[in-house]
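Welcome! Here is a friendly walk through one protein chain, taken a piece at a time. Please have a look at the sequence and the 3D view before reading on.

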Amino acid sequence: NISTVSEFVLVGLSDAPEIRLPLFVLFLLIYLATMASNITLLVAIGTDSHLHSPMYFFLCNLSLLDILCPTITVPKMLGALLLENREISFFGCLFQHFSLIVVVGTEIFLLAVMAYDRYVAVCHPLRYLSIVSAKLCAQLAVGTWAAGLLNSLLHTSLVFTLSFCGPNKIQQYYCDIPPVLALSCSSTRSRELVVLAVAGVLGSSACVVTVVSYIYILLEILSRNSSGIWQKAFSTCGSHLTVVCLFYGTTICTYVRPSSTYSPHLDRVVSMLYGMLTPLLNPIIYSLRNKEVKRALKRVISRV
């Protein structure tokens, strides 16, 4: 299909001049804190030999995703707040959309892989390193990124091969699926169904792996019935479980629904929770719940 729209206009967060500068400062600080916390976590894991294990290898991948996610959307939002530069080219919007869906899809599969890793650690602790070997870790990491890439290629081709010949104002601060679909002058129903079906199948598959892993973990805990087992299991799985709930809650509210239920103002808030606060909270959650990570972070900070 041929599109007559050569650029889009991102509506942004606010049109009120008096609050644009405070919002710019607030979100710049959140972005810098997100970058600093995730980079520090990556450095801590990379420089501490005690953290060179499968769990922390996957955590490094999660931190990398948490760096990429806000970097894809936040700089453009900050530019719109400070310079009122809200235009984005058609291909710039396509690239932003493609990159974001890669990150979202990869994180969904990565959290499922991390749930399997926690299942092996709790249910088969003596065989943990032999089961979750370095080779398997590399294969799982490559698989999650490849699945995220293929998922994004499908979604982006479905959305950006539509015709855009009328309004070009995206009711969001970045190029996301629901607000872009709302601008198309083509019929979007069939493509919406495909997007929802693919997202449902892939998301539910990853969710099933996560849920089944934790069911087995729960059954293992109940079967042992020893003192301190609950505390040990929570210290092993609590951080991941918290991150899973945070991620799925915001992602489902953002993506898994038809465009007829789209509410621009509410969705900007929900998208901000996923796009900015979740990447900021993930390293904090893992740091607060893990003594080894806290010790490694103290060593890194003392060196700095």
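Where is the place of L222? L222 sits in helix α7, which covers residues 189-224.

## The chain as a whole

What you see is a predicted model. The chain holds 10 helices and three strands. Reading from the N terminus, the elements follow the order β-α-α-β-α-α-α-β-α-α-α-α-α. Of the 304 residues in the chain, 49% are buried.

The UniProt record, an unreviewed entry, lists "transmembrane region" for residues 23-44, 56-74, 94-116, 128-150, 193-219, 240-257 and 269-288. Two of these spans can be checked against the model here. Residues 23-44 are 100% helix and 0% strand, and the C-alpha atoms at the ends of that span lie 31 Å apart. Residues 56-74 are likewise 100% helix and 0% strand, with 27 Å between their end C-alpha atoms.

## The three-stranded sheet

The strands form an open sheet in the order β2-β1-β3, and the pairing is mixed. Its edge strands are β2 (87-89) and β3 (169-170), each of which pairs on one side only.

Follow the pairing strand by strand. β1 and β2 run antiparallel and are joined by three bridges. Strand β1, residues 7-10, pairs with β3 in the parallel sense, over two bridges. L10 has I170 in β3 as its bridge partner.

How far apart are the end C-alpha atoms of helix α3? The helix covers residues 90-123, and at 1.5 Å a residue its 34 residues should span 50 Å. The end C-alpha atoms are 50 Å apart, which agrees with that expectation. Of the 34 residues of α3, 28 are buried, so the helix is largely enclosed by the rest of the structure.

A search of the whole structure finds one salt bridge. It joins the side chains of D117 and R118, with 2.8 Å from N to O. Both D117 and R118 are buried.

Helix α7 can be checked in the same manner. Its 36 residues should span 52 Å at 1.5 Å a residue, and the end C-alpha atoms are 51 Å apart, which agrees.

Which residues of α7 are buried? They are E192, V195, V198, G203, A206, T210, S213, Y214, I217 and I221. Other residues make a nonpolar surface patch of about 700 Å²: V208, V211, V212, I215, Y216, L218, L219 and L222. An α-helix has 3.6 residues a turn, so residues three or four places apart point the same way.

Is H50 buried or exposed? H50 counts as exposed, because its relative accessibility is 61% and the cut-off for exposed is over 50%. You can find H50 in the loop between α1 (17-47) and α2.

The last stop is T71, which lies in helix α2, residues 54-83. T71 is partly exposed, as its relative accessible area is 33%. The C-alpha atom of T71 is separated by 9.6 Å from that of L100, a residue 29 residues apart from T71 along the chain.

Conventions: Residues are numbered from 1 along each chain as its sequence is written. This is a predicted model: local features need pLDDT of at least 70, side-chain atom pairs count only at pLDDT 80 or more; totals for chains, interfaces and linings use all residues. Side-chain values use heavy atoms; hydrogens and water are left out. Patches are made of residues with over 30% relative accessible area and no salt bridge: like charges are joined within 9 Å, nonpolar side chains (Val, Leu, Ile, Met, Phe, Trp, Tyr) within 5 Å. Accessible areas come from the Shrake-Rupley method with a 1.4 Å probe; for residues, only the protein chains shown count as cover. A salt bridge is a side-chain nitrogen of Lys or Arg within 4 Å of a carboxyl oxygen of Asp or Glu. Helices (H or I, at least four residues) and strands (E, at least two) are DSSP runs, numbered from the N terminus. The expected span of a helix is 1.5 Å times one less than its number of residues. Buried means under 20% relative accessible area, exposed over 50%, partly exposed in between (1.4 Å probe, protein chains only). Two strands pair if DSSP finds at least two bridges between them. UniProt positions are given in the numbering used here, feature names are shortened, and annotations may be inferred rather than shown by experiment.
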